[in-house]
Amino acid sequence: MTVGTSVVSVMPEQVDLVAVPVSEGRWFPPGAPPLDAALLEAHGIKGSRGDRLWIPAPVGSPDLLAVGVGPMSELSAETFRRLGAETVQASRSARRVAVYLGQLLQSPGEGSSKSAGEMSPADRSRAVIEGALLAAYSFDSHRSRAAEGRSSVEQLVVVGDGAADLSDVAPTAERLAAAVSLARDLVNEPPSSMTPRRFAAVAQEVASQARLEVEVWDDQRIASEGLGGLRGVGSGSHEPPRLVRAHYRPASPRASVALVGKGITFDSGGLSLKTAGGMETMKTDMGGAAAVLAIMSVLADMDIPVEVVGYMALAENMPGGAAIKPGDVLRIRNGKTIEVLNTDAEGRLVLSDALSLAAEQRPDAIVDLATLTGACVMALGREIAGAMGNSDSLLSQVAASSGRTGERTWPLPLPDEYKSHIESEIADMKNIGAPGQAGALSAALLLAEFVDDLPWVHLDIAGPARSYDDKGYVRKGGTGFGVRLLVDFLAHFEKPSSGSSDT
Ligand code: BES
Ligand code: MN
Ligand code: ZN
């Protein structure tokens, strides 16, 4: 269900529920509907995170919801996203819901300049709406009846002083949330329906609505263009591979960025077959490509001042009769060769072609998103992506975005010393590293061979692309990880001073 949102300065008459943030020390925004201090006290509501109290009202006035948000000194974007999410989750059958921010939406007064990291009223209201919309997401197209616990919210208003200047906020937040939902939908769709061809068709539809140029290469074109990695991985399946290139051209771009997404619509492992358990969630293996398409879908609407080309490398990794075999050698677009020793290390094979294509255009930066290695999940768990690359400037721009959007990333090194891990007996390199050692790094070291000297960041999202629990605004299933992160990154993008760095 779509939720209509707005930011207003006067509480609308017709609301079913008003949520009020209560900060530690039981501070709440003055002007809120009366929150009885004694009642909060009696229920042990101190304002700590997780405190929550539903206060029923007489018929005709809205119920109140007190939501603990932690100490005032620690209010961050994450606080406001959680407030939005908790409001939606607690809303029971309420359809028209308000979140009262009062003075929290007032700009800092004249002379008091905004310190680093401090949030503007726009940031705060946007975070509430994003958190609420992302929490209200559900994927129901394959259910015969509505799932229990689905959000009832149809209207969400953020109410606060100073809201008059914030009319752009709700439309922007809605667009971003819709993009994240698109990425989640693409991942959640069953793999036999979300094939490379189907993904490409969706990309064409999205592109026509989002003012993007789009090009789709079929299997013949993939072969004639020399994409030996993508072709090789796709050859074990009846479903042919596709390469999608989407192009966003603003009127006078400040810079250019290429985005590359791993789009394995199902990863069985190929002849190096996965276990039954290992395959259960492998429809998620196109989470990188889904994020790239979703990011591209909002660039024009959000007036992002950077030219962006998105490459999505789409294939099904299956063990059919024509599948690549351990020992085979593939020639990648840029001429380098890879010996395939494990057909389950297929992501790097399709990405090397897409990265080569991206590098040919000499963008100012390349960022790839890939559910690339189980080793990265071992290292950082399911909520943090590994960030690797050759440019400190680019890595710190991604880290800054990560801090703002709450999509966590953590740097991992790209050590020259470990290049020996991917040396092949007969080809330029092999597609697996040293057994049991630094699997996320050897995968990234291989990718580095395909970006020339261009500033590049690789995000290994094998962990955070999928969630195994409902947790606030992150829902079980595809998460859309990377969408808000890289839209923020593109909005703030500065050309990196120089390419390489020591990592
Ligand atoms: N798609 C997987 C990585 C993955 C694993 C993503 C778990 C999400 C959760 C990737 O294609 C893969 O199979 N990688 C292998 C590489 C190995 C064979 C060198 C892995 O990580 O086991
Ligand atoms: Mn694999
Ligand atoms: Zn994979």
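Visitor: Is Ala438 buried, exposed or partly exposed?

Guide: This is a predicted model, and in it Ala438 is partly exposed, with a relative accessible area of 29%. Ala438 sits in the loop between strand 16 (429–430) and helix 13 (439–447).

Visitor: What is the phi of Ala438?

Guide: The general idea is that most residues other than glycine have a negative phi. Ala438 is not a glycine, yet its phi is positive, about 45 degrees.

Visitor: Where does Arg26 lie, and what is its phi?

Guide: Arg26 belongs to the loop between strand 2 (17–22) and helix 1 (37–42). Its phi is positive, about 60 degrees, although Arg26 is not a glycine. Arg26 is partly exposed, at a relative accessible area of 29%.

Visitor: Turning to the metals, which protein atoms are donors of the zinc ion (ligand 3)?

Guide: They are Lys262 (NZ), Asp267 (OD), Asp285 (OD) and Glu346 (OE), at 2.0 to 2.4 Å from the zinc ion. Along the sequence these donor residues follow the spacing K-x4-D-x17-D-x60-E.

Visitor: What is the geometry of the site of the zinc ion (ligand 3)?

Guide: Start from the ideal: six octahedral donors make angles of 90 or 180 degrees at a metal. The zinc ion (ligand 3) has six donor atoms with angles of 78 to 174 degrees among them, and its site is octahedral. Asp285 and Glu346 are both buried.

Visitor: Which residues coordinate the manganese ion (ligand 2)?

Guide: The manganese ion is coordinated by Asp267 (OD), Asp344 (O), Asp344 (OD) and Glu346 (OE), at 2.1 to 2.2 Å. In sequence the donors are spaced D-x76-D-x1-E. Asp267 is in strand 9 (residues 256–267) and Asp344 in the loop between strand 12 and helix 10, so this pair ties together parts that are 77 residues apart in sequence.

Visitor: How far apart are the manganese ion (ligand 2) and the zinc ion (ligand 3), and which residue coordinates both?

Guide: The two ions are 3.1 Å apart, with Asp267 coordinating both. Asp267 counts as buried, at 2% relative accessibility, whereas Asp344 is partly exposed, at 23%.

Visitor: Which residues come nearest to ligand 1?

Guide: There are 16 residues around ligand 1, and Lys274, Asp285, Asp344, Glu346 and Gly374 come nearest. By class, this shell has seven charged, five nonpolar and four polar residues.

Visitor: What polar atoms lie by the oxygen and nitrogen atoms of ligand 1?

Guide: A side-chain N or O atom of Asp344 is 2.8 Å from an oxygen atom of ligand 1. A polar side-chain atom of Lys262 is 3.2 Å from an oxygen atom of the ligand. A polar backbone atom of Thr371 lies 3.4 Å from a nitrogen atom of ligand 1. Taken alone, ligand 1 exposes 520 Å², of which the protein buries 74%.

Definitions and conventions: Residues are numbered from 1 along each chain as its sequence is written. Chains are lettered from A and ligands numbered from 1 in the order in which they are written. This is a predicted model: local features need pLDDT of at least 70, side-chain atom pairs count only at pLDDT 80 or more; totals for chains, interfaces and linings use all residues. Side-chain values use heavy atoms; hydrogens and water are left out. A residue is near a molecule or strand if one of its heavy atoms lies within 4 Å of it. A polar contact is a pair of N or O atoms within 3.5 Å; within protein, one must be able to donate a hydrogen and the other to accept it, and residues adjacent in sequence count only if both atoms are side-chain atoms. Accessible areas come from the Shrake-Rupley method with a 1.4 Å probe; for residues, only the protein chains shown count as cover. Ala, Val, Leu, Ile, Met, Phe, Trp, Tyr, Cys and Pro count as nonpolar, Asp, Glu, Lys and Arg as charged, and the others, Gly among them, as polar. Donors are N, O and S atoms within 2.8 Å of the metal (3.2 Å for Na, K and Ca); water is not among the atoms, so sites may look incomplete. Four donors count as tetrahedral if all angles lie between 85 and 135 degrees; four count as square planar and six as octahedral if opposite donors are over 155 degrees apart and all others between 65 and 115; anything else is irregular. Buried means under 20% relative accessible area, exposed over 50%, partly exposed in between (1.4 Å probe, protein chains only). Helices (H or I, at least four residues) and strands (E, at least two) are DSSP runs, numbered from the N terminus.
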